Structure formats: structure tokens, C-alpha cells
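Subject: Handover of a structure and notes on it

Dear colleague,

Please find below the structure that I am passing on to you. My notes on it follow directly after.

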Amino acid sequence: NGIITIDPGFKNTGSCESAITFLDGEKGILRYRGYSIEELAEKADFLEVAYALIFGELPNAEELAKFHKDIKDESHVDEEMKKILDGFPKSAHPMGVLSSLTSALIAFNPSTVDVSSDEDMYHAIVRILAKFPVLVAWTLRKKKGLPLDYGDDSLGYVENIHKMMFKRPNQDYKKNKVVIEALDKLLILHADHEQNCSTSTVRIVGSSHAGLFASLSAGISALWGPLHGGANQAVLEMLEAIEADGGDTKKYMAKAKDKSDPFRLMGFGHRVYKNFDPRAKIIKVAADEVLADLGIEDPILEIAKGLEKEALEDPYFVDRKLYPNVDFYSGIIYRALGIPTEMFTVMFALGRLPGWIAQWREMRLNGEPIGRPRQVYTGENLRSFVELDKR
Ligand code: CMC
């Protein structure tokens, strides 16, 4: 009808129909394909959840075994990719490196771009599920100055990721059940979150038929920002700064409430959750358990709990319905697992990968049109060109 409504940040605009993830922000409910996040985090493993998100149903044992085998068969990453990684300075932010490597992967896997059949699509999906963890592990190993390595086909998907990330040269890899379970749970909790900033990016880039890997690379860039996935890094840096500053949480609460101060309490607030973030509840308990199991006493956890308690009683946060989100406690676990702070958002990307893939697949299978929002023009009316010497 020619009438354009502007909705900055798309706060009230639905971009698609989706059968993947259900979210009720008022009640704090999150479900993947109808299964509650609480039940999945407790009973499922990450690969099963990935399968369910992407294909709609939990796999039976045979389907899961085939899926895992197909992934293992594709886990080789071209040696030339190592040269690309080599070109980055060690100081490069891992999210920039990961986004670039994901894009570079297209050059070595051109058959993943045109996905006109179900088979092509499955092939592209399995390839990225296989190769992305290798890129993540390489990114971490470069940061730590460790030699690059491939995985071990005899291991489970998450265990293999852990080994690829942490195996030291000339040392046997020892599986730590607590660590693998914590990692599995974190990845499941991050696996999808309907039409958030990075997922919308993946869908909109994919809507031009740019290809799965290009869409994912764009999604990684979107996730990087501190208002989105980058918040997990920002939370830990904030907690460390508070600790270094003497642990005065009240001072930082005051800063967060001061409208003339750009400081925000990182890990607090959410566009959709206005009651609590169900993922944060699970992660808080997991953080306690992991630290206890690993025998780590982290003063940062106490600062986080103190901040949370104060915020939940403070009218500023209560009135605005600001609660801890998924990123508030996740960094404490990552830190306990020995993952460097700059890698936290990469871990988020690893978890979100199946969700991005599922959303991209749904968008393509639904035959959605190219994403192309409109605008309301507020610039100058027609004016005459002024020659350079007259300006
Ligand atoms: N600390 C202090 N004040 C806040 C915060 C915060 N963390 N979050 C929101 N507010 C205030 C904000 O200033 C505004 O106040 P007022 O109404 O007086 O102007 C009000 O609460 C509403 O905030 P908003 O920015 O309009 O809400 P939004 O839906 O646009 O933003 C958000 C949501 C998550 C970007 C925001 O809450 C935020 O910046 N949080 C900190 C960053 C963070 O933790 N991000 C991770 C989000 S969850 C995982 C993910 O998406 O990846």
C-alpha cells in the first residue's frame, strides 16, 4: 500500500515464520523443536541437538551414527588454509580470524555454494559442521602458539573439539568428563535463539543465495559485537576490572544507572527476556558445579553473584526488567576450562553454528524472497549540482 512503518532494531517486526525455536520472553521459556532447553541441557548431547535443530527431529541411534560419520569424513581442512591463518598477527581478534577463515573456506569448497538439491544442502551442512571446529581449534592454537593439528575420529564430536583445542605436543590427551560435559552443556545452551542479530544476518545474507559459508561468516561478524555474543568477553573483562578496582560492585552499579556514563552492566538485559533468561539459570548452576569439580576458587564468581544480587534488588534494573543473560556466567566456566577471554565469543559461535545452519536451511527450503527492508527518506530534496570551484 506504499506505507512504510519504521521499527528501529526491529523491536516489533517479525521477519519470518519459523518452526525451529520457541521463545516466550515473559515466561522465560526456550525450546528447540519443542524440547525444553532444561531437558536438552540435562539429557542430550550437542550433536543430537544440532541434528534436531537442523532436521526437525531428534535422531535415532542409526541416524546419529551416520550423521557423525558423515561429519568425520569431511573433517579435513585444506593445508593452504594454514597459510591464510599464518598471515594474521598473533594479536588478531579470534572472531575476525574465524569469520575470515570461514569465508576463505569457500575457495576450497566451491561445491557448497550452489545448493539446488537436498543432497547438495546436506553436503554443505556436514562439511561446515566438520571443518568449523578445526578452524576454531586452529584459531585458539595460533593464539596460544601451539602447533596446528587435526582431530581424532575415535572421539565424540565435543570431546574431539576439546582435544583439537587443548592437546599439547608430546603429551597424551586425557579426557576430563566434567570438562566435556560442561562444554557440551554450554554449546547446547547457545545452539539457537530464533531471530537474534547474527541469525537474522545469516538469513538475510543467505536470502541472496550467497551460500552457507558466506552467510555464516557474516553471522560471525554480527555475533562479535559486545551487545550480542561479544558480551561474554565484555562481562569477564568487566568483572576483572571490578576485582582490580577493589571489588566495589556498588560503584559499578551506580555507573550502570548513570545515564551520562556509557557503562552498561554487561551480561544484563535482553531484548526478549523480560523475566529471566532460562539459559542463565542453568549456566549459573553449572558454573558452581564446574568450579567445585575442578577445585577452582574464583573470586570473580563471587563478584558476579554480588552484582546479580544487587541488580535484582535495585529499582533501576527491576523497573526495566533487566536480568542476567546467557553471557553473565558463561565466561566464568570458559575461564575455568582454560579458554582465553578473547576466545569466549568464538565458543559462542561454535555453539550457535547448528542454529545458524538450521535457520539458513529453513529459509532456503521455504523459498523466502531476498531480504530487502525499506526506509523513510529524510535527506535533501532535488538540488542542482554545484561545480567544485563554486563550493
Ligand atoms: N546496564 C544498564 N542499563 C541497561 C542495560 C544494562 N546492561 N541494558 C539495558 N539497559 C537500560 C537501557 O539504558 C534502557 O534504559 P532507559 O529506558 O532508561 O533508556 C533500558 O534498559 C532498555 O534498554 P535498551 O537498550 O533499549 O534495550 P534493547 O532491547 O535495545 O537492548 C541489550 C538489549 C541486550 C542490547 C541491552 O540490554 C544491553 O546492552 N545489555 C548489555 C550487553 C549484553 O549483555 N548483551 C548480551 C545479550 S544476550 C546474548 C546475545 O544476544 O548474544
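A residue is taken to be near a molecule if its C-beta atom, placed from the backbone, lies within 6 Å of that molecule. Please bear in mind that this is a predicted model.

Surroundings of the ligand

There are 20 residues around the ligand, and A231, R264, G269, R271 and N325 come nearest. By class, the shell around the ligand consists of eight nonpolar, eight polar and four charged residues. A231 also belongs to the buried residues of helix α11, a helix to which I return below.

The chain as a whole

The chain contains 17 helices and three strands. Its C-alpha atoms fill a box of roughly 70 × 55 × 50 Å along the principal axes. For 391 residues, a compact globule would have a radius of gyration near 21 Å; the value for this chain is 22 Å, which agrees. Of the 391 residues, 42% count as buried. Among contacts with a separation of 6 or more, 77% are between residues 24 or more positions apart.

Domains and their contact

The domain assignment gives domain 1 as 18–224 + 343–365 and domain 2 as 231–336. The centres of domain 1 and domain 2, taken over C-alpha atoms, are separated by 26 Å. To the contact between them, domain 1 gives 20 residues and domain 2 gives 22 residues. On the side of domain 1 that touches domain 2, β2 (29–32), α1 (37–43), α8 (177–189) and α17 each supply at least two residues. The largest share of that side, five residues, comes from α8. Sorted by class, the side of domain 1 that touches domain 2 has 12 nonpolar, four polar and four charged residues.

Helix α5

Helix α5 covers residues 94–108. The buried residues of α5 are P94, M95, V97, L98, S99, S100, L101, T102 and L105. Their cover includes α4 (80–86), α6 (118–144), α10 (212–224) and α17.

Helix α11

Helix α11 covers residues 231–244. Its 14 residues should span 20 Å at 1.5 Å a residue; the end C-alpha atoms are 19 Å apart, which agrees. A231, N232, Q233, A234, V235, L236, M238 and L239 are the buried residues of α11. Among the elements that cover them are α14 (299–313), α16 (326–336) and α17 (344–365). Just after α11, G246 takes a positive phi of about 100°.

The position of T249

T249 lies in helix α12, which comprises residues 249–257. Is T249 buried or exposed? The cut-off for a buried residue is 20 or more other C-beta atoms within 10 Å. T249 has 21 other C-beta atoms within 10 Å and is therefore buried. Leaving aside neighbours within four places in sequence, T249 is in contact with I242, I303, G306, L307 and E310. T249 and E308 lie 59 residues apart in sequence, while their C-alpha atoms are 9.8 Å apart in space.

With kind regards

Definitions and conventions
Residues numbered from 1 in each chain as written. Predicted model: local features only at pLDDT ≥ 70, side-chain atom pairs only at ≥ 80, totals over all residues. Helix = DSSP H or I, 4+ residues; strand = E, 2+ residues; numbered from the N terminus. Expected span 1.5 Å × (residues − 1). Buried ≥ 20, exposed ≤ 12 C-beta atoms within 10 Å, placed from the backbone. Contact = placed C-beta atoms within 7 Å. Nonpolar A, V, L, I, M, F, W, Y, C, P; charged D, E, K, R; others polar. Rg over C-alpha atoms; globule rule 2.2 N^0.38 Å. Domains from an automatic or database assignment.
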